[in-house]
Amino acid sequence: MDIKQIFKNNIDWVNEKLQLDSNYFKTLSKGQNPDILYIGCSDSRVSAEELMGVSPGDVFVHRNIANMVPNTDLSAMSVIDYAVVHLKVNNIVVCGHYYCGGVKAAMESADLGILNPWLRNIRDVYRIHKEELNAITNQDAKYKRLVELNVQEQCINVIKTAEVQQAFIDRNITVHGWVFDIHTGKLIDLEIDFKKVMENVMEIYRLKR
Ligand code: CO
C-alpha cells in the first residue's frame, strides 16, 4: 500500500465527516465516553470498529496477538484499569477469531523466539482443556475450539482483576466472550454464563475490599 495514499484517504475522511456535521471534530475533541472495552486480536482482517459498525468514541480498544489478557501484562492491565475505573465502561468484550495465527502457532511446536512466552499463555489454555481438545480428532474443529476456549480463559483473566470485581459489585459490569468468524464475517456470542463463571473463579480470586 502506498503510504501517501493514506494521507489522501484521511483528507477524504475528514471532509466526509465535516459534510455531515461541521462540528464533528470539535465534539470529538471534547472527550470520550465509551460504554464498551473491546479486547481483540491484532490480525489485520479483524478490524474492531468496522465489524461492529461503531463510530469513533464508541469503543475503547485493546489489541494484541491472539486477544490475550495475561495476568502480568502491564499493557492489558492498564487498559482494563483505565476503561473500568476512569471511563466506567459497563461492558468488556474479549473477541477472538477463527483461523487466528497466534492460536495456530501455539498448537504447533516451532521455536518462535520472543513469541514463545506470549504463546505459552495460549498453551496454558490448551493444558487446562487438554481432555476436551485431545478428544477432537478433526484438526480444524480442534483449532476452532481452542480459539473459543482461549476467549473463555481470557474472560476469566479479565474477571480476576480487582477493578472488574469492584465494578461488578458497584454497577454489575458484564464480560462477554465473542468470536469473529472470518469465513462468514459474522460475530458469534459464545454466551459465556458470566455470573456463573464469576461465582466459580471468586472462590479462588476474590479480593477483600
Ligand atoms: Co489472531
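The following dialogue asks how some terms apply to this predicted model.

Tutor: Residues are numbered from 1 along each chain as its sequence is written, and side-chain values use heavy atoms, with hydrogens and water left out. In this predicted model local features need pLDDT of at least 70 and side-chain atom pairs count only at pLDDT 80 or more, while totals for chains, interfaces and linings use all residues.

Student: What makes β3 and β4 a pair of strands?

Tutor: Strands are DSSP runs of E with at least two residues, helices are runs of H or I with at least four, and both are numbered from the N terminus. Two strands pair if DSSP finds at least two bridges between them. Strands β3 (residues 91–97) and β4 (residues 174–181) run parallel and are joined by 7 bridges, so they pair by that rule. Asn91 stands opposite Thr174 in β4.

Student: Why do β2 and β5 count as edges of the sheet?

Tutor: The open sheet has 5 strands in the order β2-β1-β3-β4-β5, with mixed pairing. β2 (59–64) and β5 (186–189) each have a single partner strand, so one side of each lacks a neighbour in the sheet.

Student: What is coordinated by Cys41, His97 and Cys100?

Tutor: The cobalt ion is coordinated by Cys41 (SG), His97 (NE2) and Cys100 (SG), at 2.0 to 2.3 Å. Donors are N, O and S atoms within 2.8 Å of the metal (3.2 Å for Na, K and Ca); water is not among the atoms, so sites may look incomplete. The three atoms therefore meet the rule for donors.

Student: Why is the cysteine pair said to tie parts together?

Tutor: Cys41 lies in strand β1 and Cys100 in the loop between β3 and α5 (101–107), so the pair links parts that are 59 residues apart in sequence.

Student: Which helix gives the most to the lining of the largest pocket?

Tutor: A pocket is found on a 1 Å grid over the protein atoms alone, as an open set of points where a 1.4 Å probe fits, with protein on both sides within 12 Å along at least five of seven lines; lining residues have an atom within 4 Å of a point. The largest one holds about 200 Å³ of space, a volume being the space filled by probe spheres set on the points, which are joined across faces, edges and corners. Of its 14 lining residues, those closest to the centre include Asn71 and Lys160. Helix α6 gives the most, with 5 residues.

Student: How do you know which residues Phe168 touches?

Tutor: Contact means heavy atoms within 4.5 Å. Leaving aside neighbours within four places in sequence, Phe168 is in contact with Ile173, Phe194, Lys195 and Met198.
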